[in-house]
Amino acid sequence: MSTDSDLPRLQRLNEYLERNFPDFFAEARFQVGDDDYFLYARFGQYLARTIEQNHASGRLISRGFAVLNRMARAAARNPRIRQMLVSGPLEYILDAPRARALARTRLCAAAQGYLESLCE
């Protein structure tokens, strides 16, 4: 669950995720409720699996990495969001070779830094 100080940044991230991945968002919210940590962990799993199985269009991949880049910008100011990003979506990206290769070219510098910290 998110805290009061997380709400504005998380709300904007959630709105962006819902707007760009409405089917995923609806299904994930149905399965995990209001738990944002599991929402973004599931998103990382969904994005990595979709890339690995070649089921992703270029547009979907771009939107997926845009979500992660927005999370990284919010994470720079909020340790809770940083923890959600690193221990959620980026772990799934790291474990998927194709997704990891794409991440190295499509993630912003901050997100790449968080991803590299997982490699150490």
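This is a predicted model: local features need pLDDT of at least 70, side-chain atom pairs count only at pLDDT 80 or more; totals for chains, interfaces and linings use all residues.
The charged end of Arg-70 sits over the ring of Tyr-16, 3.8 Å from the ring centre. Now pick Arg-63 and Phe-21 for another arginine over a ring: Arg-63 lies over the face of Phe-21, at 5.1 Å from the ring centre.

Counting ring pairs across the model gives 6 aromatic pairs. Phe-21 and Tyr-46 make up one of them, an edge-to-face pair with 6.1 Å between centres and 80° between planes. Colour by helix and you'll see that this pair links distant parts of the chain: Phe-21 is in the loop between helix 1 (7-20) and helix 2 (22-32), while Tyr-46 belongs to helix 3 (residues 36-52), 25 residues apart. Is Phe-21 buried or exposed? Phe-21 is buried, with a relative accessible area of 3%.

Helix 3 has 17 residues and runs 24 Å from first C-alpha to last, close to the 24 Å expected at 1.5 Å a residue. At its N-terminal end, look for Asp-35, the cap: a side-chain oxygen of Asp-35 lies 3.0 Å from the backbone nitrogen of Tyr-37. Just past the other end, Asn-54 takes a positive phi of about 55°. Buried residues along helix 3 include Asp-36, Leu-39, Tyr-40, Gly-44 and Ile-51.

Last stop: the largest nonpolar core, with 37 residues. Which members touch the most others? Select Leu-17, Tyr-40 and Leu-68. Helices 1 to 8 each give two or more residues to this core, and helix 4 supplies the largest share, 9 residues. In soluble globular proteins, nonpolar side chains tend to be buried together.

To finish, centre on Leu-17 and display its contacts. Beyond its neighbours within four places in sequence, Leu-17 is in contact with Pro-22, Phe-24, Phe-25, Leu-39, Tyr-40, Phe-43 and Val-67.

Key:
Residues are numbered from 1 along each chain as its sequence is written. Side-chain values use heavy atoms; hydrogens and water are left out. Rings of Phe, Tyr and Trp (its six-membered ring) pair if their centres lie within 6.5 Å; planes under 30 degrees apart count as stacked, over 60 as edge-to-face and the rest as tilted. Helices (H or I, at least four residues) and strands (E, at least two) are DSSP runs, numbered from the N terminus. Buried means under 20% relative accessible area, exposed over 50%, partly exposed in between (1.4 Å probe, protein chains only). A charge sits over a ring if NZ of Lys or CZ of Arg is within 6 Å of the ring centre and within 35 degrees of the ring normal. A nonpolar core is a set of buried Ala, Val, Leu, Ile, Met, Phe, Trp, Tyr and Cys residues joined through side-chain atoms within 4.5 Å. Contact means heavy atoms within 4.5 Å. The expected span of a helix is 1.5 Å times one less than its number of residues. A polar contact is a pair of N or O atoms within 3.5 Å; within protein, one must be able to donate a hydrogen and the other to accept it, and residues adjacent in sequence count only if both atoms are side-chain atoms.
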